[in-house]
Amino acid sequence: MKGDGEVGGGPEASGKAELTSVEEHLAEILAAIAPLAPAETGVGDAYGLVLAEDVAAASALPSFDNSGMDGYAVRVQDVAAASPENPVTLPVTAEVAAGDTGTYALRPGASIKIMTGAMLPAGTEAVVPVEWTDGGRDRVAIRAGADYGNAVRLAGGDAKAGEVLVTAGTLLRPMHIAVIAAAGRGSVLVRPRPRVVVLSTGSELAEPGTPIIPGRIWDSNSFMIAAAAREAGALAYRQAIVRDHPDEVRPALEDQLARADLMITTGGVSMGGEHDVVKAALQKLGTIKFRKVAMQPGMPQGFGTITAAGVSGVSGVEPVPIFTLPGNPVSAYVSFQIFARPAIGALQAYDGLGLESVRAELTGPLRSPPGRRSFLRGVLDRSRGRLTPLTGQGSHQIATLGKANALAVVPEHVVRMSEGDIAEVLVLP
Ligand code: AMP
Ligand code: MG
């Protein structure tokens with residue numbers, strides 16, 4: 001195994017000074033996003049949402065002493081002499097099932113038949129599992145003694161009353177839902193799923209499923225970004241294609257504002273193209289920073305907030321954050337995963353939507369321009385800790401994207417990595 005790649009020129013050589021770093025761009029985005037107001041939601045609907053309160057046990061768990069097995073409640077002394085050769089036989093004076101709220105008392109020298117989860121009769125010291133007995137109804141022959149507390153689940157043995165069981169900011173998975181329900185909560189405060197409106201711009205775009213003529217392409221970005229937003233936990237609304245005309249772009253954006261917690265456009269924002277109408281339209285609607293970020297693909301980035309024209313400053317009308325992603329599909333995809341996915345997390349006060357990062361050995365070389373962080377598509381074999389770079393890394397090459405399950409990261413100061421080098425690898429969700 002070798003080092004971590006060949007180092008390129010300094011910042012001057014790369015022109016890095018004029019570029020914004022990936023970290024700085026992401027930090028500005030996250031700082032600009034306020035979490036959505038939490039809402040009370042039934043525990044049955046809370047899966048996949050982010051908890052907005054600490055959930056504590058209202059009472060101890062379990063809340064009463066109960067049996068951990070089907071068997072017989074006994075006093076330890078009464079079964080101490082029991083062995084397979086010389087079983088102890090005790091009368092069975094009652095039977096307690098789970099859910100039975102009656103009061104039972106265990107007499108010395110007797111036993112009570114008890115089921116898993118049933119409340120312990122007063123005076124019980126241990127439960128003898130049914131497997132150690134002949135299972136008798138009126139009398140039971142017990143073949144082994146039991147220690148104090150055997151097969152007994154004491155009140156508070158799982159959690160104390162008031163103990164916090166699930167903390168605010170947790171993305172609720174099935175185990176958390178179990179704990180919330182077990183704590184007796186019928187509903188909890190969670191962040192709503194962010195509503196993300198996705199819009200692709202470009203006069204060359206056609207709906208997939210319709211015929212095209214040379215010069216046109218099928219729109220893939222809006223479907224891809226909507227799917228990626230759903231994967232990230234959002235409700236995504238994909239809008240129809242918007243042509244490169246200012247009279248179309250502005251109303252299309254304004255129309256969607258009312259139902260968006262976040263807007264994402266693709267295309268129409270490259271540096272200097274005169275058909276870059278998104279840029280022109282947004283200059284009227286919002287405060288958006290268009291900049292070059294030190295990365296590849298995805299150098300031209302735009303992020304800011306927009307408000308419908310004419311309502312700016314009216315109370316109750318919140319500006320909506322907006323990403324304007326580059327049009328090349330791979331650039332749009334990588335930009336979404338690096339910047340928009342964490343932003344969807346921020347709308348839910350959740351910091352877990354950065355891509356998972358692992359280290360893996362490269363099975364082939366990688367190249368990267370100086371001064372820019374490259375995100376290169378590859379196939380990660382997690383069990384062997386290896387990443388195979390894919391050929392066809394152009395930012396229009398969507399076929400390669402379809403084969404990838406990970407992105408190798410080549411740092412800004414590195415221009416080449418070789419087979420055997422260890423790379424940081426982002427796992428694609
Ligand atoms: P633009 O950023 O608008 O200059 O577009 C850059 C490249 O991405 C061009 O080749 C576009 O045709 C392509 N492109 C833009 N939008 C889409 C889209 N929604 N789906 C697929 N390709 C697109
Ligand atoms: Mg375009």
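The crossing of α5 and α8 is right-handed; a crossing counts as right-handed if the near helix is turned clockwise from the far one by less than a right angle, and left-handed if anticlockwise. The model is predicted: local features need pLDDT of at least 70, side-chain atom pairs count only at pLDDT 80 or more, and totals for chains, interfaces and linings use all residues. Residues are numbered from 1 along each chain as its sequence is written, chains are lettered from A and ligands numbered from 1 in the order in which they are written, and side-chain values use heavy atoms, without hydrogens and water.

Helix α5 spans residues 221-231 and helix α8 spans 329-346. (Helices are DSSP runs of H or I with at least four residues, strands are E runs of at least two, and both are numbered from the N terminus.) Their axes come within 10 Å and cross at roughly 25°. Axes are lines fitted to C-alpha atoms, for helices over the stretch in contact, with angles from 0 to 180 degrees between N-to-C directions. So α5 is roughly parallel to α8, a label for angles under 35 degrees. On the α5 side, Asn221, Met224, Ile225, Ala228, Ala229 and Glu231 make the contact, meaning heavy atoms within 4.5 Å. Their partners in α8 include Tyr333, Phe336 and Arg341. The contact has nine nonpolar, two polar and two charged residues. Here Ala, Val, Leu, Ile, Met, Phe, Trp, Tyr, Cys and Pro are nonpolar, Asp, Glu, Lys and Arg charged, and the others, Gly among them, polar.

Helix α2 (residues 22-32) also packs on α8: the axes come within 10 Å and cross at roughly 30°. That makes α2 roughly parallel to α8. This crossing is right-handed. Val22, His25, Leu26, Ile29 and Leu30 of α2 meet Ile338, Phe339, Pro342, Ala343 and Ala346 of α8. Nine of these residues are nonpolar, one is polar and none is charged.

Now the backbone. Most residues other than glycine have a negative phi, and most peptide bonds are trans. Leu61 and Pro62 are joined by a cis bond, with omega about -15°. Pro62 sits in the loop between β4 and β5. Ala151, not a glycine, has a positive phi of about 55°.

Notes. Parallel < 35°, antiparallel > 145°, perpendicular 65-115°, else oblique.
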